[in-house]
Amino acid sequence: MDIKQENQDRKISKLNYEGLRVNISSHDAIKTISEIFNKLGCSPLNSYQIANHLAEASLSGIESHGVMRTLQYANQIQNGLIEAENSPEIASEEDQFLTIDGCSGHGIPAMILAFDQAMQKAKIKGVAITSIINVGHTGRHGSFADYAAEKGFLSIVIGGGNREVWRQVAPYGGSKAKLPTNPYCIGIPGGKKGSFVMDFATSMIAGGWIYAAKNAGALLPEGCVIDKNGKPTINPQDYFDGGAILPAAQQKGYAMALAAELIAMALLGPVKTEANWLLIMIDINRFPAPNDFKKRAEEILKDIRSCPPSEGFEKVEIPGEREREINKLAKGVIAIPEKTWKDICKLYKDLHS
């Protein structure tokens with residue numbers, strides 16, 4: 001593989017990392033990662049879907065959900081948390097309601113199936129309500145939401161669960177981890193520059209950024225994590241040694257996380273693998289004057305962009321546009337922390353020896 005080492009020159013990462021990165025073409029990354037998951041027991045299709053999704057996340061600057069997740073996913077397969085050979089299936093279907101069962105397999109293929117089936121049903125019914133259960137990690141939801149929005153759908157994803165295993169976030173006013181990061185994602189068609197995509201954890205930082213920091217030997221942003229004694233820290237190891245992530249926006253993030261936990265486990269049932277998800281898909285063409293939607297959306301977004309930036313900012317951005325811009329500027333090349341890529345290559349060699 002042609003690897004070029006360089007210092008980080010695009011400040012797109014949340015990591016406080018000044019070490020070397022290696023430039024890897026997305027084609028090579030997808031090929032390497034696909035073969036890793038195929039060797040671990042995933043079908044060729046599932047392997048490709050996982051690898052392609054991770055590469056796209058890295059190209060879009062979402063390092064927390066990018067190629068570094070290869071190591072975490074491989075570990076989960078090897079430890080039996082994810083059953084690599086299993087593929088998702090439609091478990092039930094009635095009127096506007098769907099259930100996608102991940103069958104304890106990886107969550108990315110399950111979420112791809114869920115979005116595809118939900119869009120098909122929403123096209124017929126106007127709306128589809130889909131539960132995605134019994135899945136491993138489902139990747140970057142913003143990628144799925146952007147895809148659906150480009151097809152003319154409003155999508156809303158809420159979920160989480162399994163807090164007994166994934167105690168990551170302290171409740172507002174608490175000093176110990178009790179909740180998962182329980183993300184929310186909303187995608188809706190936008191204006192001339194593409195869709196609006198809101199995709200964030202209900203914690204100050206996604207858990208993936210902490211794994212990425214530890215693996216790369218980097219530090220975390222301030223104000224995101226506390227250690228086991230409830231004290232602020234930027235050392236990722238403190239989180240793994242009994243610390244916790246703080247809720248985003250204090251009581252607001254905490255309330256959203258708790259609502260997602262109730263949806264994921266009280267409404268959708270016990271979590272068997274990692275999480276449960278509720279996906280609401282709406283065909284925007286069912287609303288009055290759908291042909292004028294993009295015009296009206298562009299008027300709103302243009303007005304927001306026109307706001308003068310405050311000190312320290314270059315411009316006001318629309319959620320989703322930065323990721324697409326970074327992806328375009330990447331030109332198919334992923335800049336990966338050197339140690340992370342070496343670990344992935346070692347895993348590849350170990351599996352092929």
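The lining of the second largest pocket has 5 nonpolar, 4 polar and 2 charged residues. Here Ala, Val, Leu, Ile, Met, Phe, Trp, Tyr, Cys and Pro count as nonpolar, Asp, Glu, Lys and Arg as charged, and the others, Gly among them, as polar. This is a predicted model, where local features need pLDDT of at least 70, side-chain atom pairs count only at pLDDT 80 or more, and totals for chains, interfaces and linings use all residues. Residues are numbered from 1 along each chain as its sequence is written, and side-chain values use heavy atoms, with hydrogens and water left out.

Back to the pocket. Which residues line the second largest pocket? They are Tyr48, Gln49, Asn52, His53, Glu56, Ile112, Phe115, Asp116, Ser143, Phe144 and Tyr147. A pocket is an open set of points on a 1 Å grid over the protein atoms alone, where a 1.4 Å probe fits, with protein on both sides within 12 Å along at least five of seven lines; lining residues have an atom within 4 Å of a point. Helix α2 gives the largest share of this lining, 5 residues. At least two residues each come from α2, α4 (107-125) and α5. Helices (H or I, at least four residues) and strands (E, at least two) are DSSP runs, numbered from the N terminus. The space in this pocket is about 250 Å³, a volume filled by probe spheres set on grid points joined across faces, edges and corners.

Next, histidine 137. Its place is the loop between β5 (127-135) and α5 (141-150). Is histidine 137 buried or exposed? It counts as buried, because its relative accessibility is 10%. Buried means under 20% relative accessible area, exposed over 50%, and partly exposed in between (1.4 Å probe, protein chains only). The side chain of histidine 137 makes a polar contact of 2.7 Å with the side chain of tyrosine 73. A polar contact is a pair of N or O atoms within 3.5 Å; within protein, one must be able to donate a hydrogen and the other to accept it, and residues adjacent in sequence count only if both atoms are side-chain atoms. Not counting residues up to four places away in sequence, histidine 137 also touches His65, Arg69, His106 and Glu274, among others. Contact means heavy atoms within 4.5 Å.

Now helix α1, residues 26-39. At 1.5 Å a residue, its 14 residues should span 20 Å, and its end C-alpha atoms are 20 Å apart, which agrees. That expected span is 1.5 Å times one less than the number of residues. The buried residues of α1 include Ala29, Ile30, Ile33 and Phe37. Their cover includes β2 (20-25), α2 (44-59), α3 (69-78), β13 (333-337) and α11 (338-352). Just after α1, glycine 41 takes a positive phi of about 115 degrees.

Two more backbone points. Most residues other than glycine have a negative phi. Asparagine 134 is not a glycine, yet has a positive phi of about 60 degrees. Asparagine 134 lies in strand β5 and is buried, at 9% relative accessible area. Alanine 249 has a positive phi too, near 55 degrees. Alanine 249 sits in the loop between β11 (244-245) and α8 (251-267), partly exposed at 47%.

Last, threonine 340 in helix α11. Threonine 340 is buried, at 2% relative accessibility. Leaving aside neighbours within four places in sequence, threonine 340 is in contact with Met68, Leu71, Asn215 and Ala216.
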